[in-house]
Amino acid sequence: MRMNNKRGQIGSEYIIVVGLILLLAIPFFYSFFRYLLGGYSNQMNADMVVRVSQATETLANLGGVGSKFSVPVRIAKVAQNDLSGNTLSIQTTNGQTYSAHSTSLNTIIGSEALVGDGFMTVPLVYTYLDTIVIGTQPQVVGICPENENPYSSACKTDTTVEPSKGFRILGANFNSNSEVILSKIQGSNGGCQTMTSCQADEACAVGQVCANGICADINPTLTISQEGLIADVGTAQTGVGDYDVSIVNPDGERSTCVSLAVTPSDVQGSYCGDSIVDEDEECDPPMDISEQCIGNKGQNLECMSNCKCKNA
């Protein structure tokens, strides 16, 4: 009888000892594996930034216009990416930052090119003006007069055309769903500052339309060529003035901007800005207050860049 009591006592002591060991061990192993997994995620993100940066350098050294490179990577909870100078960086949802030096060439990165969690393939493309684009978002790197050779010195971040003439946009990731946005520069604004986000036409100024999330004065059609590196724009709507030009995809992500100046030539023609009210115009030239635009109360209204009167 005493033997059974001793065995029961010893069994209870073993249970207590095992319980104490587990009580101490479980938090330790939990913290250890949590650290291990966190360290693995950190290493993945650090490796990803380095791999993408090295890929830009490889493409710059070995590629040419039209060359493409895809980088398979695995990332962990990346919330945003950035490119400052030649430094590529990412930030995770918990505030961790990782960075690496990229190529010395011009580089543009989409706002969500490296954002996500898990496995992904990062596309890179070498486009005109010695520029590498990272991601799938459409990017504009230059603008040229109509039908200009894309290697010409006339292709840069700004250009000048005559009224109602077309122009050519250089960049990457242009496709059949891309839309070009022209927003007239008012006053000293520029560099895409004139572009306003929207969800419907009603959110835009009179005479503008909401094109893929951006208010546009003019939204002409595009002809895409060279696998998305060139977009030719033909429109008879550009009146005299200065415009910001960008490209937008259906998800509303707008590209960087280039500048277009529309000025008349010495040859007299029919266009918005020639001071002649043509058949499809309500007023001419564009100006803040026009005697050709009369409101409901008899007041003078603005003649806009498309030679239409702004409603009262």
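Trainee: In this predicted model, are arginine 168 and aspartate 232 buried or exposed?

Mentor: Arginine 168 is buried, and aspartate 232 is buried as well. That term requires a relative accessible area under 20%.

Trainee: What makes the contact of arginine 168 and aspartate 232 a salt bridge?

Mentor: The N to O distance between the two side chains is 2.7 Å. The criterion asks for a Lys or Arg side-chain nitrogen within 4 Å of an Asp or Glu carboxyl oxygen, so the contact qualifies. The two residues come from distant parts of the chain, with arginine 168 in strand β9 (residues 167-172) and aspartate 232 in strand β14, 64 residues apart.

Trainee: How many salt bridges does this rule give?

Mentor: The count is three. Another of them joins glutamate 227 to lysine 68, with the closest N and O atoms 3.6 Å apart.

Trainee: Why can the pair of glutamate 227 and lysine 68 be said to tie together parts of the chain?

Mentor: Glutamate 227 belongs to the loop between β13 (222-225) and β14 (230-233), whereas lysine 68 belongs to strand β1, so the parts tied together are 159 residues apart in sequence. Both glutamate 227 and lysine 68 are exposed, a term that stands for a relative accessible area over 50%.

Trainee: How do you know that glutamate 302 and lysine 310 are partly exposed?

Mentor: Glutamate 302 has a relative accessible area of 23%, and lysine 310 has one of 32%.

Trainee: Turning to the cysteines, why are cysteine 144 and cysteine 155 called a disulfide?

Mentor: Their sulfur atoms lie 2.1 Å apart. A disulfide requires sulfur atoms within 2.5 Å, so the pair meets the definition. Cysteine 144 sits in strand β7 (residues 139-145) and cysteine 155 in the loop between β7 and β8 (158-161), eleven residues apart. The link is right-handed, with 120 degrees about the S-S bond.

Trainee: Why do cysteine 144 and cysteine 155 count as buried?

Mentor: The relative accessible area is 0% for cysteine 144 and 4% for cysteine 155. Both residues are therefore buried, the limit being under 20%.

Trainee: What makes the disulfide of cysteine 293 and cysteine 309 left-handed?

Mentor: The torsion about its S-S bond is about -80 degrees, so the disulfide is left-handed. Cysteine 293 is in strand β17 (residues 287-294) and cysteine 309 in the segment after β18 (300-303), 16 residues apart. Cysteine 309 has 16% relative accessibility and therefore still counts as buried, under the 20% limit.

Trainee: How do you know that strands β1 and β5 pair?

Mentor: Strand β1 (residues 68-84) and strand β5 (residues 116-127) share nine bridges in the antiparallel sense. In β5, methionine 120 is the bridge partner of valine 73.

Trainee: How many bridges join β5 to β6?

Mentor: Four bridges join β5 to strand β6 (residues 131-134), and the two run antiparallel. Their hairpin has three residues between the strands, and leucine 129 takes a positive phi near 60 degrees.

Definitions and conventions: Residues numbered from 1 in each chain as written. Predicted model: local features only at pLDDT ≥ 70, side-chain atom pairs only at ≥ 80, totals over all residues. Heavy atoms only, no water. Buried < 20%, exposed > 50% of the residue type's maximum accessible area, 1.4 Å probe, protein only. Pairing = 2+ DSSP bridges.
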